[in-house]
Amino acid sequence: MELIAQGRDADVYALDESRVLRRYRHGGPTGLESRLMTHLAACGYPVPRVYEITDTDMVLERLAGPTMLDVLARHPWRVGSLGRELGRLHDRLHALPAPEWLPKRFSTADGDRVLHLDLHPGNVILTRRGPVVIDWCNAGAGDPAADVAMTMVTVGSAEVPGLAARLGRGLLLRGMRSGCRTDPAGRMQEAVRVKLADPNLTPGEAAWLRRHAGSGNGPGVGWTDRSGC
């Protein structure tokens, strides 16, 4: 099998022209993840089709197109429009009530919504039918503000080379906020604390997050500034 992508927890192999194998290195929530993607597809949300699962593997639809991250690297002038598209993907997802079987994360008193909790440009594939969201292993039921906050924290803490890329990150997040109706301010510090518990963080990412933990800054105030790392 041809290895075509690697994430922090899983590898993706091409099976044929229409299918890929997503294999978790140490096991994963394949049953829950596939159930959620099937549910979301039935609701009209753009996700890959699920064909088969085991405890470690998922056979999924092979999507033709670059990731949003790839497009940002090649066409940086599209950063504003792609950021707004990312915000709209959040809004479309958060319009969906969470099914009762989805684990609670960042829960609310009532009205929990489906949360992706890792909805960044590397997890959006731009296909001919439109953007498709992948990698649902962190999903849960809860407050949409937490989902937007996790995206801001993930993008803000990511190690990217060069001043232009860092400036682009700020433009991306501002575009996302303009395209999204949800204000993440009340969940930002909680998102930082949750992200700090990720065992896959690099030292640079962890350092950025520790500087922002408890800082009291709202979104847009220092959330994309990595100077001094």
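I began with Arg23, which counts as partly exposed at 32% relative accessibility; buried here means under 20% relative accessible area, exposed over 50%, and partly exposed in between, for a 1.4 Å probe and protein chains only. I was working on a predicted model, in which local features need pLDDT of at least 70, side-chain atom pairs count only at pLDDT 80 or more, and totals for chains, interfaces and linings use all residues. I also noted that residues are numbered from 1 along each chain as its sequence is written, and that side-chain values use heavy atoms, with hydrogens and water left out.

I then looked up which residue Arg23 pairs with, and found that its side chain meets that of Asp57 in a salt bridge, at 2.8 Å from N to O; the term stands for a side-chain nitrogen of Lys or Arg within 4 Å of a carboxyl oxygen of Asp or Glu. Because Asp57 lies in strand β5 (residues 57–61) and Arg23 in strand β3 (residues 19–24), the pair ties together parts that are 34 residues apart in sequence. I took strands and helices as DSSP runs numbered from the N terminus, with E and at least two residues for strands, H or I and at least four residues for helices. Asp57, for its part, is buried, with a relative accessible area of 11%.

**Other salt bridges.** I recorded a count of 13 salt bridges, and kept in mind that side chains of opposite charge can pair when their charged atoms come close. Glu61 and Arg129 meet through their side chains in one of these, at 2.9 Å from N to O. Glu61 lies in strand β5 and Arg129 in the loop between β7 (124–127) and β8 (130–133), so this pair ties together parts that are 68 residues apart in sequence. I found Glu61 buried at 18% relative accessibility, whereas Arg129 is exposed, with a relative accessible area of 53%.

I next checked Arg177, which forms a salt bridge with Asp183, their closest N and O atoms being 3.8 Å apart. Arg177 counts as partly exposed at 26% relative accessibility, and Asp183 counts as partly exposed at 47%. I also noted that salt bridges with shared partners join Arg22, Glu33 and Asp135 into one network.

I turned to helix α3 (residues 79–94) and helix α4 (residues 144–157), whose axes come within 10 Å and cross at roughly 155 degrees. Axes are lines fitted to C-alpha atoms, for helices over the stretch in contact, and angles run from 0 to 180 degrees between N-to-C directions. The angle makes α3 roughly antiparallel to α4, since angles over 145 degrees count as roughly antiparallel, under 35 as roughly parallel, 65 to 115 as roughly perpendicular and the rest as oblique. I listed the residues in contact (heavy atoms within 4.5 Å) as Leu86, His90, Leu93 and His94 of α3 with Pro144, Asp147, Val148 and Thr151 of α4.

I then followed α4 to helix α7 (residues 203–212), where the axes come within 9 Å and cross at roughly 125 degrees, which makes α4 oblique to α7. Here Val153, Gly156 and Ser157 in α4 meet Glu205, Trp208 and Leu209 in α7.

**Cysteines.** Last, I counted zero disulfides, taking a disulfide as a pair of cysteine sulfur atoms within 2.5 Å. Cys43 is in none, the nearest cysteine sulfur, that of Cys180, being 19 Å away.
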